[in-house]
Amino acid sequence: MTDSKRTATLTIDGRTLELPIHSPTMGPDVVDITKLYAQGDVFTHDPGFTSTSACESQITFIDGDKGQLLHRGYPIDQLAEKSHYLEVCYLLLYGELPGADQLEDFENRVTNHTMVHEQMMNFFRGFRRDAHPMAIMNGVVGAMSAFYHDSTDINDPWQREVASIRMIAKVPTIAAYAFKYSMGQPFVYPRNDLDYASNFLRMCFAVPAEDYEVNPILARAMDRIFTLHADHEQNASTSTVRLAGSSGANPFACIAAGIACLWGPAHGGANQACLEMLEEIGSVDRIPEFIKRAKDKNDPFRLMGFGHRVYKNFDPRAVVMKKSADEVLALLGVEDNPKLQVAKELERIALEDEYFASKKLFPNVDFYSGIILEAMGFPTSMFTPIFAVSRTVGWIAQWKEMVNEGNVKIGRPRQLYTGATTRDYVDVESR
Ligand code: SDX
């Protein structure tokens with residue numbers, strides 16, 4: 001951030017305030033309002049934070065008009081094509097692409113922390129078998145702070161590092177166990193001779209009754225899905241993690257808060273909702289009926305997997321995801337998957353429709369991901385847990401960036417109060 005010495009002038013009831021303007025390395029300038037209330041006795045009002053910068057960060061940059069997504073300056077399409085998830089994790093956490101030795105060390109550290117404390121298995125058995133895997137993940141990840149006391153002191157850099165590695169390593173194991181539990185199948189322990197994505201697929205789909213060979217096509221697709229969902233600036237769940245972290249909460253509790261927020265269908269829950277929508281549409285001839293509903297202000301129905309708060313041109317992740325969906329389904333011999341056909345036709349029709357064009361709505365990261373995940377054999381209930389597995393590194397990188405700055409101020413927004421003015425209590429006899 002550079003102090004441009006430029007200021008924004010705000011005049012309120014004859015009083016003039018000069019507010020500093022800070023310039024970023026990329027993106028819009030920001031008007032610094034930290035002194036606004038003290039000097040001007042007014043708040044700003046921005047429900048949903050459509051125009052608010054909540055923090056300074058160097059991790060991820062999004063240009064919504066250009067459809068650009070950079071992780072530490074590297075475009076997402078290059079990372080998806082040339083890198084792999086654990087290397088992207090390193091980049092997000094430490095700021096630079098690792099050298100060969102650094103990468104090997106990081107991958108070994110993650111791989112050797114993939115098992116969870118054996119007693120944590122007991123948590124799973126407390127859930128109903130039909131519990132949503134996100135409910136289980138939310139509970140079990142939060143419970144990690146009850147098992148890993150030696151990495152909960154946020155003021156100790158070493159403990160912050162250990163907690164970060166533990167969560168990147170163990171959250172996929174917890175997600176896989178939640179999936180197994182929902183099916184009544186035995187948990188499958190992680191293996192240290194498998195890469196991250198292959199390990200996750202094996203923990204999800206292997207059974208003791210037979211050998212399991214990881215399909216390299218699915219492993220590559222799984223790793224790419226992890227890469228595409230890893231971080232995304234100050235989205236709702238990341239902002240939740242930062243806000244929880246600003247109170248000094250331990251890292252496991254902060255990530256559990258992020259999982260809770262991600263679950264919503266307007267956010268990470270959209271991948272499940274999108275596939276269920278494609279199932280409900282069923283065939284291309286029913287698409288007009290759903291397009292009509294999506295445009296009807298009196299109908300709460302929205303095209304799931306469409307639209308984005310920031311992207312107003314296209315979501316670069318959706319472009320990569322669509323290409324991956326074509327590749328994976330063709331390699332699996334299911335390119336005529338009806339949901340893929342419905343999705344492509346729905347995208348084509350919507351993008352030609354004035355309503356969607358005028359509101360700059362188009363497929364986001366969640367529109368095609370579910371089609372690939374279903375082709376891999378996952379039920380829709382596992383789509384958001386997989387998003388959570390991937391986004392754990394983004395949440396942790398953003399949390400570490402905030403805590404590493406030191407002197408973290410607790411996040412405490414104010415409000416526009418329109419409730420009752422002061423009044424005296426009235427006894428029940430007099431009401
Ligand atoms: C993710 O923030 C992130 O970065 C999130 C994410 C990440 O990686 O962390 O990218 C992941 O959450 C992707 C988004 C997944 N959600 C969905 O696909 C759910 C469907 N999409 C919508 O709910 C909506 O588009 C949002 C929530 C994504 C964005 O909502 P905004 O920015 O608050 O936009 P809005 O609701 O104000 O919509 C603007 C207009 C409205 O019409 P008007 O009031 O102006 O007349 O567009 C309409 C909306 O009704 N609109 C839609 C629509 N999305 C917005 N109309 C039909 N279908 C849709 N999907």
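Me: In the hairpin of E4 and E5, which residue in the turn has a positive phi?
Reply: This is a predicted model. Strand E4 covers residues 60-63 and strand E5 covers residues 68-71. The two form a hairpin with four residues between them. The turn residue with a positive phi, about 65 degrees, is Gly67.

Me: How many bridges join E4 to E5, and which residue in E5 is the bridge partner of Thr60?
Reply: E4 and E5 run antiparallel, and the bridges that join them number four. For Thr60, the bridge partner in E5 is His71.

Me: What is the bridge partner of His71 in E6?
Reply: E5 pairs with strand E6, residues 74-75, in the antiparallel sense over two bridges. His71 is the bridge partner of Thr60. In E6, the partner of His71 is Tyr74.

Me: Which residue takes a positive phi in the hairpin of E5 and E6?
Reply: This hairpin has two residues between its strands. The positive phi there is near 50 degrees, and the residue that takes it is Arg72.

Me: Is Asp41 buried or exposed?
Reply: Asp41 lies in the loop between helix H1 (36-40) and E4. Its phi is positive, about 55 degrees, although Asp41 is not a glycine. Exposed means over 50% relative accessible area. Asp41 has 55% relative accessibility, so it counts as exposed.

Me: And Asn407, buried or exposed?
Reply: Asn407 is in the segment after helix H18 (383-405). Its phi is near 45 degrees, a positive value in a residue other than glycine. Because its relative accessibility is 78%, Asn407 counts as exposed.

Me: What is the relative accessible area of Leu275?
Reply: Leu275 lies in helix H12, residues 270-281. Apart from neighbours within four places in sequence, its contacts are Lys339, Gly370, Ile371, Glu374, Thr380 and Phe383. Leu275 is buried, because its relative accessible area is 1%.

Me: How far apart in space are Leu275 and Ile12?
Reply: In sequence, 263 residues separate Leu275 and Ile12. In space the separation, taken C-alpha to C-alpha, is 50 Å.

Me: Which residues come nearest to the ligand?
Reply: There are 24 residues around the ligand. The shell divides into ten nonpolar, seven polar and seven charged residues. Those that come nearest are His232, His308, Arg309, Arg317 and Arg391.

Me: How far is an N or O atom in the side chain of Lys359 from an oxygen atom of the ligand?
Reply: Other side chains also give such distances. A polar side-chain atom of His267 lies 2.9 Å from an oxygen atom of the ligand. For an N or O atom in the side chain of Arg317, the distance to a ligand oxygen is 2.6 Å. For Lys359, the distance is 3.0 Å.

Me: With those distances in mind, what share of the ligand's exposed area does the protein bury?
Reply: Taken alone, the ligand exposes 1,100 Å². Of that area, the share buried by the protein is 77%.

Note on methods. Residues numbered from 1 in each chain as written. Predicted model: local features only at pLDDT ≥ 70, side-chain atom pairs only at ≥ 80, totals over all residues. Heavy atoms only, no water. Near = heavy atom within 4 Å. Polar contact = N/O pair within 3.5 Å; in protein donor to acceptor, adjacent residues only side chain to side chain. Areas by Shrake-Rupley, 256 points an atom, 1.4 Å probe, with all protein chains shown as cover. Nonpolar A, V, L, I, M, F, W, Y, C, P; charged D, E, K, R; others polar. Pairing = 2+ DSSP bridges. Buried < 20%, exposed > 50% of the residue type's maximum accessible area, 1.4 Å probe, protein only. Contact = heavy atoms within 4.5 Å.
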